[in-house]
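Subject: Structure for you to look at

Hi,

I am passing on the structure we talked about, with some notes on what turned up in it. Please open it alongside this message and read the two together.

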Amino acid sequence: MTKNGEPFLPGPTFAAPYHLSGDPAETEFTYGRYENPTWKAFEEAVGALEGGDVAVFGSGMGAVSTLLLALLEPGDPIVIPSDAYYNVRQLAHDLLPYEVREVPTDTAAVVDAAPGAKLVWVETPSNPGLDVVDIRAVAEASDATLVVDNTLPTPLGQRPLELGADYVMASATKALSGHSDIILGYVGGRDLEAVRTARGKLGTIAGPFEVWLAHRSLATLDVRLERECANALRLAEAIGEHVPVRYPGLPGDPAHETAKRQMERFGPVLCFTLPDAAAADAFLAAAEMVTEATSFGGTRTTAERRARWGGDDVPEGYVRLSAGCEDTDALVQDVTRALASALERA
Ligand SMILES: Cc1ncc(COP(=O)(O)O)c(C=O)c1O
């Protein structure tokens with residue numbers, strides 16, 4: 001219950017140590033690496049959306065690394081889809097001492113690899129391939145701890161904990177905060193004590209101002225996603241008339257049936273394949289309403305030729321596009337004009 005005179009959303013609390021006398025165990029806020037009231041307010045809000053307890057981190061990768069270090073012992077076998085965000089795969093291969101089983105982003109392949117694994121990592125829809133894994137089927141088929149990267153759909157598009165996942169993880173940098181100006185991540189689950197302890201020890205923490213900005217952005221998450229997903233579907237339909245396109249919301253997409261069962265919204269991201277790198281670059285140069293950038297989920301439509309980074313198994317002309325909140329007709333017109341001009345040159 002709010003009191004008269006209180007702000008709707010209290011401003012960020014900046015504190016390294018808090019005033020503290022007597023027994024620290026009797027005080028909620030002791031030191032800024034362990035607790036912060038601005039984190040707590042954001043965690044409660046996102047926790048209500050994900051349906052669990054939530055802990056915020058300074059980045060999506062901070063959330064990933066802290067969760068893995070909190071849950072696993074060196075040498076533990078883990079299953080990771082080959083199309084999971086490449087830094088997650090690289091972290092598990094190169095930096096952390098696990099036995100990695102990399103499998104295609106496919107429900108049957110994940111289930112087949114799961115026996116004996118301590119943890120199964122699923123990113124669905126995957127990025128940048130946009131394949132979908134059936135979360136409930138994996139949860140029911142395996143005893144391993146199931147973690148779902150929910151970055152792309154956000155909790156207003158998909159709630160992995162309700163579908164049987166043990167933990168949900170997301171980069172809040174993307175659609176959740178949605179304005180392309182902060183880096184942030186979170187982990188959700190039923191019991192996050194070990195995860196919070198690891199966060200305090202590793203220092204993978206978020207600045208209060210970023211957390212406050214993300215909290216402020218939650219108020220518009222629903223309306224942003226509504227427009228972004230509508231724009232993504234219209235773009236996928238229009239682009240699909242000319243070149244191969246992937247969008248889980250598109251009837252006829254190989255992922256659509258599974259996506260329909262577990263997603264309430266299909267997200268802002270679609271991908272399409274142009275004949276080669278030159279055609280993709282020509283498209284990006286010609287599209288006036290599309291900003292060339294990596295990342296996704298912002299209010300402004302962005303796209304990139306994904307193969308320019310290396311690390312993903314995609315063709316040279318593969319474009320990942322994240323639909324923003326622009327006027328739908330104007331955006332579709334601009335993108336189809338740019339596509340036609342890129343295809344003419346190819
Ligand atoms: C699916 C997915 N998970 C995790 C991350 C890492 O998040 P961050 O950039 O906030 O560290 C990203 C970043 O692109 C991502 O796309």
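Below I go through the ligand site, the pocket and cavity, and a few backbone details.

Before anything else, please keep in mind that this is a predicted model.

**The ligand and its contacts**

The ligand has 14 residues around it, and those that come nearest are Met61, Asp149, Ser171, Thr173 and Lys174. The side chain of Asp149 places an N or O atom 2.7 Å from a nitrogen atom of the ligand. Met61 takes part through its backbone, with an N or O atom 2.9 Å from a ligand oxygen. Asn127 uses its side chain instead, where a polar atom lies 3.0 Å from an oxygen atom of the ligand.

How much of the ligand does the protein bury? On its own the ligand exposes 390 Å², and 90% of that is buried by the protein. Two elements give two or more residues to the shell around the ligand, namely helix H2 (60-71) and strand S6 (167-171). By type, the shell has five nonpolar, six polar and three charged residues.

**The pocket**

Where does the ligand sit? The space it takes is the largest pocket. That pocket has a volume of about 430 Å³, and 25 residues line it. Nearest its centre are Tyr85, Ser171, Thr173, Lys174 and Ser295. Elements giving two or more residues to this lining are H2, helix H3 (86-95) and S6. H2 gives the most, with three residues. The lining of the largest pocket divides into 12 nonpolar, eight polar and five charged residues.

**The cavity**

Rolling a probe the size of a water molecule over the atoms shows where empty space is left. Across the whole structure, one cavity of 30 Å³ or more is found, and the largest cavity has a volume of about 30 Å³. Its lining is made up of Asn150, Thr151, Thr154, Ala170, Ser171, Ala172, Leu176 and Tyr186. These divide into four nonpolar and four polar residues, with no charged ones.

**Backbone details**

Most residues other than glycine have a negative phi, and most peptide bonds are trans.

- The peptide bond from Thr124 to Pro125 is cis, with omega near -10 degrees. Pro125 belongs to the loop between strand S4 (119-123) and helix H5 (135-141).
- Asn127 and Pro128 are also joined by a cis peptide bond, with omega about 15 degrees. Pro128 is in the loop between S4 and H5. Asn127 is the residue whose side chain has a polar atom 3.0 Å from a ligand oxygen.
- Thr154 is not a glycine, yet its phi is positive, at about 65 degrees.

Best wishes

Note on methods. Residues numbered from 1 in each chain as written. Predicted model: local features only at pLDDT ≥ 70, side-chain atom pairs only at ≥ 80, totals over all residues. Heavy atoms only, no water. Near = heavy atom within 4 Å. Polar contact = N/O pair within 3.5 Å; in protein donor to acceptor, adjacent residues only side chain to side chain. Areas by Shrake-Rupley, 256 points an atom, 1.4 Å probe, with all protein chains shown as cover. 1 Å grid on protein atoms, 1.4 Å probe; cavity = no way out; pocket = protein on both sides within 12 Å on 5 of 7 lines; lining within 4 Å. Sits in = over half its atoms within 2 Å of the grid points. Helix = DSSP H or I, 4+ residues; strand = E, 2+ residues; numbered from the N terminus. Nonpolar A, V, L, I, M, F, W, Y, C, P; charged D, E, K, R; others polar. Points joined across faces, edges and corners; volume = space filled by probe spheres on them.
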